[in-house]
Amino acid sequence: MNHFNKRTNELQPYVVSSRGIEIDDDWLVLDWNESTIRIEDYLKIKLEKFINKGDLNFYGDVDCTDLKRNLHNALGISESFVTFFNGSDSALNICFETLLEPGDKVLTIEPEYSQVSTFIHMKGGIKSSFLLTSIDKPSIDDLNRSLNGIKVFYFSNPNNPIGFYFTIDEIESMLVSNPTVMFLVDEAYFEFSNSSAVDLIPKYSNLIIFRTFSKAFGLAGIRLGYIISTNHNISMINKVRNGKEVNSVAQFCASVLLQNFETIKLRIQELLNTRDWFFNQVRVLPNFEVFPSKTNFLLLKHNLCKEIILVLRQNKILVRDRSSMHLLENCFRISIGTKVEMERVLQVLKQF
């Protein structure tokens with residue numbers, strides 16, 4: 001007997017690339033856009049003291065009070081505009097739950113971060129795809145025409161997996177032209193683009209921004225994300241959000257890094273320098289195409305895409321095959337690691 005509901009039976013699962021049990025410290029894991037830099041010693045020392053206090057038998061602060069204050073001090077975001085989640089995926093899932101009625105239409109740009117397809121489907125929403133015709137951002141006029149009859153517009157900014165981004169002015173023009181559409185802007189990579197729509201929050205009630213500590217902050221293992229929106233939107237979402245959503249270890253680690261935000265900014269700048277160096281190295285390789293990016297990854301194209309991915313794995317380097325996505329035939333995505341790590345990748349690519 002099939003005990004699962006119709007939506008679950010119809011669902012095409014979100015597939016995470018396999019790493020396998022053989023992965024150890026000799027491998028370069030450049031497939032999920034994590035930071036390859038391990039947490040700094042000062043965080044390790046403070047985390048050890050925090051754990052030794054022995055308070056892990058209690059739930060974390062349901063209001064994330066210290067975390068909100070530290071976020072405000074580091075990034076200047078009003079504490080009343082923020083609420084935290086066990087990862088930005090959880091934030092997206094709960095937001096779709098608060099917004100969608102069965103049959104509501106959600107627009108996404110394709111190719112796009114595909115995990116949201118699961119959330120939309122399981123809430124009874126209908127996903128409508130704006131299919132790119134070239135590996136570049138679409139025109140705002142074309143997007144506006146596609147937003148007719150749409151309830152929610154989700155897009156990552158910068159885009160994952162390509163890396164282009166919309167400017168604040170472009171986003172604002174869409175908000176003004178489509179006041180009945182709720183815009184979900186996923187800023188998972190905003191730290192690498194130096195661009196954010198956060199200043200638009202006080203002006204527009206149809207905007208929710210999503211962010212994560214998994215990329216620039218290097219805390220993917222603790223699962224922490226947050227949304228930024230108007231007081232009303234935050235209060236509505238918090239009606240659905242579980243108060244125990246964020247664990248105490250995650251709150252503590254993120255607070256410590258926010259208190260040392262200058263260190264994080266130095267880490268980001270080092271990565272950007274490496275990304276630009278690697279881009280320039282690959283772009284002159286015969287038969288390779290590499291696309292400009294405002295993220296911590298680059299999208300590469302080569303006719304021997306599958307073979308390259310296999311040889312990289314044989315050299316203990318993992319990258320993400322994106323060749324099955326719309327418009328991305330023969331494409332694979334590489335997270336940017338340290339200069340030494342990317343030199344190791346480059347030596348393999350030069351074989352082709």
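Guide: This is a predicted model, where local features need pLDDT of at least 70, side-chain atom pairs count only at pLDDT 80 or more, and totals for chains, interfaces and linings use all residues. Residues are numbered from 1 along each chain as its sequence is written, and side-chain values use heavy atoms, with hydrogens and water left out.

Visitor: Where does Arg223 lie?

Guide: Arg223 sits in the loop between strand S7 (207-212) and strand S8 (225-228). Helices (H or I, at least four residues) and strands (E, at least two) are DSSP runs, numbered from the N terminus.

Visitor: Why is Arg223 called partly exposed?

Guide: Buried means under 20% relative accessible area, exposed over 50%, and partly exposed in between, with a 1.4 Å probe and protein chains only. Arg223 has a relative accessible area of 32%, so Arg223 is partly exposed. Its phi is near 60°, a positive value in a residue other than glycine. Most residues other than glycine have a negative phi.

Visitor: What makes Lys316 partly exposed?

Guide: Its relative accessible area is 31%, so Lys316 counts as partly exposed. Lys316 also has a positive phi, about 60°, although it is not a glycine. The residue lies in the loop between helix H11 (305-314) and strand S11 (317-318).

Visitor: Which peptide bond at Pro111 is cis?

Guide: The one joining Glu110 and Pro111, with omega about 10°. Pro111 is in the loop between strand S3 (105-110) and helix H5 (115-122). The bond from Asn157 to Pro158 is cis too, with omega near 5°. Most peptide bonds are trans.

Visitor: What makes S9 and S10 a pair?

Guide: Two strands pair if DSSP finds at least two bridges between them. Here 3 bridges join S9 to strand S10 (residues 297-301), so the two strands pair, running antiparallel. Val290 has Leu300 in S10 as its bridge partner.

Visitor: What is the strand order of the open sheet of 4 strands?

Guide: The order is S9-S10-S13-S12, with antiparallel pairing. Strand S9 (289-291) and strand S12 (320-321) are the edge strands, as each pairs on one side only.

Visitor: How many nonpolar residues line the largest cavity?

Guide: The lining has 6 nonpolar, 6 polar and 4 charged residues. Ala, Val, Leu, Ile, Met, Phe, Trp, Tyr, Cys and Pro count as nonpolar, Asp, Glu, Lys and Arg as charged, and the others, Gly among them, as polar.
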